[in-house]
Amino acid sequence: MRHGGDDASFELAPGPLVRPFAVTRGRAGKDLHELDIITLVVAVRPEADVAGLDREYGDILRMCQRRPLSIAEISAQLGLLLAAVKVLVSDLISSGHLIFRSPPPPTTGRPDIKLLQAVLDGVRKL
Amino acid sequence: MVFVNSDRTPNSSSDLSGVRAVKLLIAGGFGVGKTTLVTAVSEIKPLRTEERLSSLGTGIDDLTGVERKTTTTVALDFGRITINPEVVLYLFGTPGQDRFWFMWRELSVGALGAVVLADTRRLSDSFGAIDFFESREIPFIVAVNCFDGAERYDEAEVRQAVDIDDHVPVQLCDVRDRDSSKRVLVRLLEHLMTVATTGGVAAGRW
């Protein structure tokens, strides 16, 4: 929600140092769905839903239509700190606008050979 | 393998079940060419994200009074390579300043491996990164960026100077060159395959 008379100052974006705490209303979030910097998220609600959302939520929903983006990419594109993006994305997961896929937690098992081979093949083809 | 997923059923156009993201780290001293390497191989113009220093590694959730604090952030440059429809690779250039080394802890969790980029004129700048990955048993290679005008060393001399185990590959490169940077990644991934098939440690354990 915007404060009518303050729009001008909102437009002077104070940058990533200040905005995250404003957009998350001071929350850093305890329940962040185990989001990692490379957690991928994608929208499962149409872009039209943006109309009912606060600006940053809408921006994220719009960016994630039809193609998965990582938390890192959302953070870079919106100019928001990773910590703030995790809170916002977490809210959108809880509200059913986004789904996510986090990397598996580190284990003491062997690395996934098939995955390594796929990455190696892909890089060789660059 | 266990994945952490949301429990909602994805629709057909937004299915994440077959997609996974992996990361490699590019570490080394300040100004050694980390972002140049990422730029050389990334399919996107490298992006920059920032993290708040006070939130790193500590899990601090209480932001009471944060508006009165001076907040410091640390920047990360990263690139992306779409390996195939199922796998996306992210390359993260770790912060060069030693005082931000602890940022690497969160970054390194789950990383497949790392490249320690070194400059022969300032080899000691890479010691911190080498120690970090050795202590966390994250497999890595050393890539020596051969700057114009820098004295050329051969692999054995570099290996001796940075005091790494014999099994750690050392590769000479010029990160401004796409093929050279690509060969660095190939060498790393070959090393990761070797470590994985010979019973090496898991990626990113710490």
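This is a predicted model: local features need pLDDT of at least 70, side-chain atom pairs count only at pLDDT 80 or more; totals for chains, interfaces and linings use all residues.

Student: Which element does A:Val42 lie in?

Tutor: A:Val42 is part of strand E1 of chain A, residues 40–43.

Student: Which members of the largest nonpolar core touch the most other members?

Tutor: They are A:Val89, A:Leu98, B:Ala114, B:Val115 and B:Val116, in a core of 87 residues. Helix H5 of chain A, residues 82–94, supplies the largest share of this core, with nine residues. As a general point, nonpolar side chains tend to be buried together in soluble globular proteins.

Student: Turning to chain B, how many helices and strands does it have?

Tutor: Chain B has five helices and eight strands. Read from the N terminus, the order is β-β-α-β-β-β-α-β-α-β-α-β-α. Of its 206 residues, 42% count as buried. Among the chain B contacts between residues at least 6 apart in sequence, 75% join residues at least 24 apart.

Student: What about H1(B): is it enclosed or open?

Tutor: H1(B) is largely enclosed by the rest of the structure, because eight of its eight residues are buried. These are B:Lys34, B:Thr35, B:Thr36, B:Leu37, B:Val38, B:Thr39, B:Ala40 and B:Val41.

Student: Which elements do those buried residues pack against?

Tutor: They pack against strands E2 (20–28), E4 (73–84), E5 (87–93) and E6 (113–118), and against H5, of chain B.

Student: At what angle do H1(B) and H5(B) pack?

Tutor: The angle is about 100°, and the axes are 8 Å apart. Angles of 65 to 115 degrees count as roughly perpendicular, and the two helices are therefore described in that way. On the H1(B) side the contact involves B:Leu37, B:Ala40 and B:Val41, which meet B:Arg178, B:Ser181, B:Lys182, B:Val184 and B:Leu185 of H5(B). Five residues of this contact are nonpolar, one is polar and two are charged.

Student: Now the two chains. How do the axes of H6(A) and H5(B) cross?

Tutor: The axes of H6(A), residues 113–124, and H5(B), residues 178–197, cross at roughly 165° and come within 9 Å. That angle makes the two helices roughly antiparallel. The crossing is left-handed. The contact includes A:Leu116, A:Leu120 and A:Val123 of H6(A), and B:Leu185, B:Leu189 and B:Met193 of H5(B). Its residues divide into 11 nonpolar, two polar and three charged.

Student: One last topic, the backbone. What is the phi of A:Arg66?

Tutor: A:Arg66 has a positive phi of about 70°, although it is not a glycine. Most residues other than glycine have a negative phi. A:Arg66 sits in the loop between helix H3 (55–63) and strand E2 (69–70) of chain A. It counts as exposed because it has 9 C-beta neighbours inside 10 Å.

Student: And where is B:Glu137 found?

Tutor: B:Glu137 is in the loop between helix H3 (127–135) and strand E7 (140–145) of chain B. B:Glu137 is not a glycine, yet its phi is positive, about 55°. With 14 C-beta neighbours inside 10 Å, B:Glu137 counts as partly exposed.

Notes. Residues are numbered from 1 along each chain as its sequence is written. Chains are lettered from A and ligands numbered from 1 in the order in which they are written. Axes are lines fitted to C-alpha atoms, for helices over the stretch in contact, and angles run from 0 to 180 degrees between N-to-C directions. Helices (H or I, at least four residues) and strands (E, at least two) are DSSP runs, numbered from the N terminus. Angles under 35 degrees count as roughly parallel, over 145 as roughly antiparallel, 65 to 115 as roughly perpendicular and the rest as oblique. A crossing is left-handed if the near helix is turned anticlockwise from the far one by less than a right angle, and right-handed if clockwise. Two residues are in contact if their C-beta atoms, placed from the backbone, lie within 7 Å. Ala, Val, Leu, Ile, Met, Phe, Trp, Tyr, Cys and Pro count as nonpolar, Asp, Glu, Lys and Arg as charged, and the others, Gly among them, as polar. A residue is buried if 20 or more other C-beta atoms lie within 10 Å of its own, exposed if 12 or fewer, and partly exposed in between; C-beta atoms are placed from the backbone. A nonpolar core is a set of buried Ala, Val, Leu, Ile, Met, Phe, Trp, Tyr and Cys residues joined through C-beta atoms within 7 Å.
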